[in-house]
Amino acid sequence: MAKYFFSLLISIFCCGLVTAQEKIYQTFKDTRVINSHSVETLPKRKLDFRVSHRFGDLAGDNGGYKTFFGLENASDILIGVDYGVTNHLTVGLHRTKGAGSMPDGNSGLRQLLNGLVKLRFLQQTSDNKVPVSMTLVGIASLSTAEKIEDNPDIIRSFPKFAHRMATHAELLLARKFSDAFSLQLMPGFTQRNLVPFEDENGIFSLGLATRVQLTKVMALIADVTFPFSERRVSANGFYTPLGFGLEFDTGGHVFQINLTNATGLMETDYIPYTTTNWGDGEFRLGFTISRLFNL
Amino acid sequence: MKAVIFTFTTLTFCMLMAWRWPAAEMPSSKPQAVVDWVLSKDKAVDDVLMRLGDNPLPHPVDTSMRWVSARAGEELVKFGFGRGPGGFKTSRQSKHFVCTSCHNLEKEDPDLSISDPQARLLYAKENDLPFLQGTTLYGAVNRTQFYNGDYRKKYGDLVNVAQDNIREAIQLCAEECAQGRRLRDWEVESILAYFWELGLKMEDLAFSDREWEDIENALAGNGDAEGVARLIKRKYLAGSPATFVTPPEDRKVGYALEGNVENGKLIYELSCLHCHENGRYAFYRLDDSKFSFKHLDRHFSRYTRYSVYQVARYGTSPLNGKRAYMPNYTLEKMSNQQMEDLRAYVKEMRK
C-alpha cells in the first residue's frame, strides 16, 4: 500500500516532467458536470463566460402547471467568468443568487460573490503511467446580502463579517476509460462560518460524476454528492443532490440542459442545503451556456 | 553595506537589460571580395542572381530603424510577440493565430517551380511538416508577387497594395488573415529580417549538371549572365498561384473521383489535426475517435459548417467574439482528388 502511495506521490510531483507520454484530453468537455466541477481546466488565455440557471420545482407542491412546471420561478442564477491563467490553472468569479435553505425554511447565504481557483496537477496519459487526472478546486463564497439586525437565529444576522463567508475545497480524480466514458470522484470539504443552531460548520462530502459520449456533439452527464453528516439524512429533511443532463458541444459553445433536485449552483450552497427531493417531484430544469473567448 | 547593495543591484539590472536587449542581427552587408566567392549549393539564390547582374529584390531590410532584429521577427512569426524597446515583450499580435498556424517555415515543395498539392503532401510527410493552407514562408523574400489569383475575390482592394509589396502583404496577413493588430514598423522590418534568413538556397532548386555548369560559367564571366539569371528564376515561383473552387455541385456524389484512404489519412493528420487537435487553433476539436469521424462523415454531404466540403472550399468567417476562423483551401493547396481522399478516409474510419 505504502509503495503505491509513494508511486502516486512521485507521479504527482513529477507531473510537470510527464511529457513523453501522450496526454489524455477532454475527460469532460466542460469545466462543470452538472452541479459539480469537472477535472478540466481552461486552456491558457481562454475566457469562459458562463450563465447557469435553475428553475423552480418541476412537480410537487410548488411545481406543476400553476408555475408552468417551475419555468416561472428561478431557484438560482449564475453569471460569471472563468479564465485560464495557464493550461493548468483557472480562476473565476461568479455571481449567484443563492438558493439553499434549511428544512425549517431558514435560508442559507444569499446574493453571493463566488471566487474560484482550480489547479490541475496531474493529467492522465495514454500509456496509463498516469492513470488519472487530478485537480484541486477551491471556492470561496461571500454573501453581499443586507444584514438582518435583531434576529440572531438566522444566518443573515451576520454577527461578524466572516459569517458572510463559506468555503469549499475538493480534490477531483477523473479517468477517461474510453472515448465514450469518463468517471470522476470528488472528495471535498465545505466550511460555513455561520450555521443554524445545532448544525455543523464543516461537512465532508464525496461526489461522483460521469460522462457518456453519445455523439460527437452530445453527451449524457450525471453527478451526485453525498455529504458525510449525521444531520444530512432524509429523516431530517435533507436529500442527496443528484443531477442528470445532456451536454451539447458545438465548438466554442457548450450548452447543457439538466434535471436536478439541487436548488443552489455553488458547492457552498447545494452541498449543505439540498432539502428538495426527487421523489416528491422537487426537481428542476436547469441549463448552462458556456462561451469561450480568446484573450 | 548600502553602497554595496546599491552597486550590486544596479549592476544586476544593467546586466539583465543588456541580456534582454535585442541586438540587431542583420545579414552581413559587408562587401566580399569576388575572389573569395565560390558557387556552392548553400549559396543564397538572391546572392547568385545579384552576382549575375540581376536587379536586387525590392525589399531590403531597413537596418536604420531602431529595435529591428531578426530574432524579434522570429519570435513574432513563431509566438506572436516580439521584443521591443527595453527588450520587453510586445503585446501579442493576434489572440487567435501565429504565422505558423497556416505557414510552414521550411521548404515544402520538392520542385519549387510548380505548385502541386500531392507532391507537397508527400514531401510534408517525408519531412514531418504540416500540410497547410498558406504558402511556406521559406523563400518568401525571393517572391515578388503576393495574394495572387483569386485572393482578390476574398480581400478585394486590400490586395492592391499587398500584391507586389512584401511589407504590405505581411500587414494584410497580420490584420486580416490572423485577425490581429497592425504591426509596428520595426516589427515588420524584424519579420522581414527573419524572412531574409529563410531565403532560398541554390540547393533548393533542381538544376541539371549542365545547368549548374552554365551558372558557374556565367558567374565567371564566360556565359549569358542574363539568360542564366532567367534560368534560375524559372526554377521557383515568383508568387503562389491561388484558385478558389467551390464544393462539388452534388455533395452526396462529391467530385466524382475515387478516394485513396492512405492519402486521406495523411491529409487528416497533417492538415485537419494541425489546427483542430486539442483545440490548438480551433474551438471545434477533432481526434482519432469514432465520434469525430462519424460526425465528419455525416456532415460531409450537408450544407452545414461541419461539412468538410463547405469549410475547406469556402472557409469560415471571422465573427465578432469568434474571430478564430478557418481559411479556405485553394485548389493549389488541396486538390479535388485530395478532398475525396479525405472523405474516403473519414468514411473508412467511422466503420
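Predicted model: local features only at pLDDT ≥ 70, side-chain atom pairs only at ≥ 80, totals over all residues.

Me: In which element does A:Ile289 lie, and which residues does it touch beyond its neighbours in sequence?

Reply: A:Ile289 belongs to strand S12 of chain A, which spans residues 284-294. Leaving aside residues up to four places away in sequence, A:Ile289 touches A:Val51 and A:Phe255. The C-alpha atom of A:Ile289 is also separated by 6.4 Å from that of A:Ser52, although the two residues are 237 apart along the chain.

Me: What share of the contacts in chain A links residues 24 or more positions apart?

Reply: Among the contacts with a separation of 6 or more, such pairs account for 60% in chain A.

Me: How should I read the overall build of chain A?

Reply: One lists the elements and then turns to the overall dimensions. Chain A has 2 helices and 12 strands, and from the N terminus on they run α-β-β-β-β-β-β-β-β-β-β-β-α-β. The radius of gyration of chain A is 19 Å, close to the 19 Å that the globule rule gives for 295 residues, so chain A is as compact as a globular protein of that length. Taken along the principal axes, its C-alpha atoms fill a box of roughly 60 × 40 × 40 Å, and 42% of the 295 residues of chain A count as buried.

Me: Where is the kink in helix H12 of chain B centred, and what covers the buried residues of that helix?

Reply: Helix H12 of chain B, residues 261-276, has a kink of about 30 degrees centred on B:Tyr268. B:Tyr268 is itself buried, as are others in H12(B), including B:Leu266, B:Ile267 and B:Cys272. The cover over the buried residues of H12(B) includes helices H4 (99-102), H5 (117-126) and H15 (336-349) of chain B. After H12(B) comes B:Asn278, whose phi is positive, near 55 degrees.

Me: How many residues does each chain bring to the contact between chains A and B?

Reply: Chain B supplies 16 residues and chain A supplies 14 residues. On the side of chain B that touches chain A, the residues divide into 4 nonpolar, 7 polar and 5 charged.

Technical notes
Residues numbered from 1 in each chain as written. Chains lettered and ligands numbered in written order. Contact = placed C-beta atoms within 7 Å. Nonpolar A, V, L, I, M, F, W, Y, C, P; charged D, E, K, R; others polar. Helix = DSSP H or I, 4+ residues; strand = E, 2+ residues; numbered from the N terminus. Rg over C-alpha atoms; globule rule 2.2 N^0.38 Å. Buried ≥ 20, exposed ≤ 12 C-beta atoms within 10 Å, placed from the backbone. Bend = angle between axes of the 7 residues up to and from the residue.
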